[in-house]
Every structure is written in structure tokens, then in C-alpha cells.
Amino acid sequence: LLALGGGMAAFELALLVRLLQLQAACGLCLLSAGLSAAVLALAWRLPSTRRTDEDAVLAGCGAALAAAAAAAIFSAQGSLPTPEEEMAPFGERSPAPIASHSSRRALELSERLAARGAKMYGAWWCSHCAGQKETLGAEAMGEGGFYVECSPDGAGAENERCVAAGVKGYPTWEVGGQLFPGEKDLSELEEMLSSAK
């Protein structure tokens, strides 16, 4: 039990060091480390027919084996990736292509939105943003030039601009300095333009 407790405690310590390297928080990992330390402390306190130095050797052997195993695992993984390297397999995220074509009404509305300097703040992963784009259609969205990507990992992300504008959810339209949150149909977009300063 002492060898097992020592091994568990040493391995958990190695994992905690790795978490610090990753600059990550893990409540369950801390709980597991605490339980491993408790097992070692309990095993140390149990009555033993051996001497204290023999108990220490058993715990130390378990800890040494666990440390060697942790070192082998971590060295096989290599160095830690940078945040940029972690995102490299994924790259910048782009929203799904817009499948619908714009109606004449949507194209006219797009021209009016563009003339007013309207912006649609959204995120590549937002289903309501995708719905809003489908409502206007591919041509209106492409010609309007009013979409602003707010997700930091999105293609062409302008997250700071979204924060500065006070955007709290997606999609959010901005017209004349006023924010209009939520997905809107064409009639609601026309009303939004009429009510904006």
C-alpha cells in the first residue's frame, strides 16, 4: 500500500507540474492529487511490522517508478505546443457558405444597409447568424460588406471592434450607433432601418 500510495502521489505531482506548464486549471486533477496524497498519508499511518526506514524505501520505490513512467510519457509527447501551434490544424474558422440566393427585396435592403454604414456582428459558429445570412442571401451579404466576425478564432476576426461596440450576443446589427440584437426577417430589418437615427 505504501508503494502504491507513493507512486500515485508522485505521478499526480508530475501531472500537476504539466498543468502548470500548460497554464491550465483542472479542479478534478487537484482533487485527484489530494486523494493520492491522502492515500499515502493513510498508508504511512497504518500500523506496520516493518521499521520506518523500510516503509520509506517502499514509498520511495513506488514514487520512483511513477516518476520514471511520467518522464517517459512526457518525453514521448515532446515539447509543449504554443497556442498558435495548437490552432494550426484547425486554422481560422469560417462560417458555412450561404446557400440561398438574394431576392430583389433583399438586394435593395442590402444597398440601404450599406448606405447607412450598417454592421452585422456575428460569429462563425452562431446558428442565428447563419440564419440571418440565409435570410438576406449570398449576393446581398457579399455585396453589403457589413458582416463583422467577432469570434477570436474566426476568419478575419475583429473581436476588439465587437467588444468596443458593446456587442453582447449574436447576431447584433449596428445602425447609426444603435445596436439591434437578434436575428431579423426582412420586414424587421426594414423597421430597424426606419427606427435607427
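**Core and helix packing**

Mentor: In this predicted model, the largest nonpolar core has 20 residues, and Leu113, Leu136 and Trp173 have the most contacts inside it.

Trainee: Which elements each supply at least two residues of this core?

Mentor: They are helix 5 (104–115), helix 6 (127–136), helix 7 (138–144), strand 3 (172–175) and helix 9 (186–195). Helix 9 gives the largest share, four residues.

Trainee: What makes a set of residues a nonpolar core?

Mentor: The residues must be buried and nonpolar, and joined through side-chain atoms within 4.5 Å. Another core, of five residues, lies apart from the largest one; Val148, Cys150, Cys162 and Val167 are among its members.

Trainee: With which residues is Leu113 in contact, leaving aside its neighbours within four places in sequence?

Mentor: Leu113 then touches Ala118, Phe146, Trp173, Met192 and Leu193.

Trainee: Why is helix 5 called roughly parallel to helix 9?

Mentor: Helix 5 and helix 9 pack at about 25°, their axes 11 Å apart. Angles under 35 degrees count as roughly parallel, and therefore helix 5 is roughly parallel to helix 9. Their crossing is left-handed.

Trainee: Which residues make the contact between helix 5 and helix 9?

Mentor: Helix 5 contributes Arg105, Ala106, Leu109, Arg112 and Leu113, while helix 9 contributes Leu186, Ser187, Leu189, Glu190, Met192 and Leu193.

Trainee: How many residues of each class does this contact of helix 5 with helix 9 have?

Mentor: The contact has seven nonpolar residues, one polar residue and three charged residues.

How values were computed
Residues numbered from 1 in each chain as written. Predicted model: local features only at pLDDT ≥ 70, side-chain atom pairs only at ≥ 80, totals over all residues. Heavy atoms only, no water. Buried < 20%, exposed > 50% of the residue type's maximum accessible area, 1.4 Å probe, protein only. Contact = heavy atoms within 4.5 Å. Axes fitted to C-alpha atoms, helices over the stretch in contact; angles between N-to-C directions. Parallel < 35°, antiparallel > 145°, perpendicular 65-115°, else oblique. Left-handed = near helix turned anticlockwise from the far one by under 90°. Nonpolar A, V, L, I, M, F, W, Y, C, P; charged D, E, K, R; others polar.
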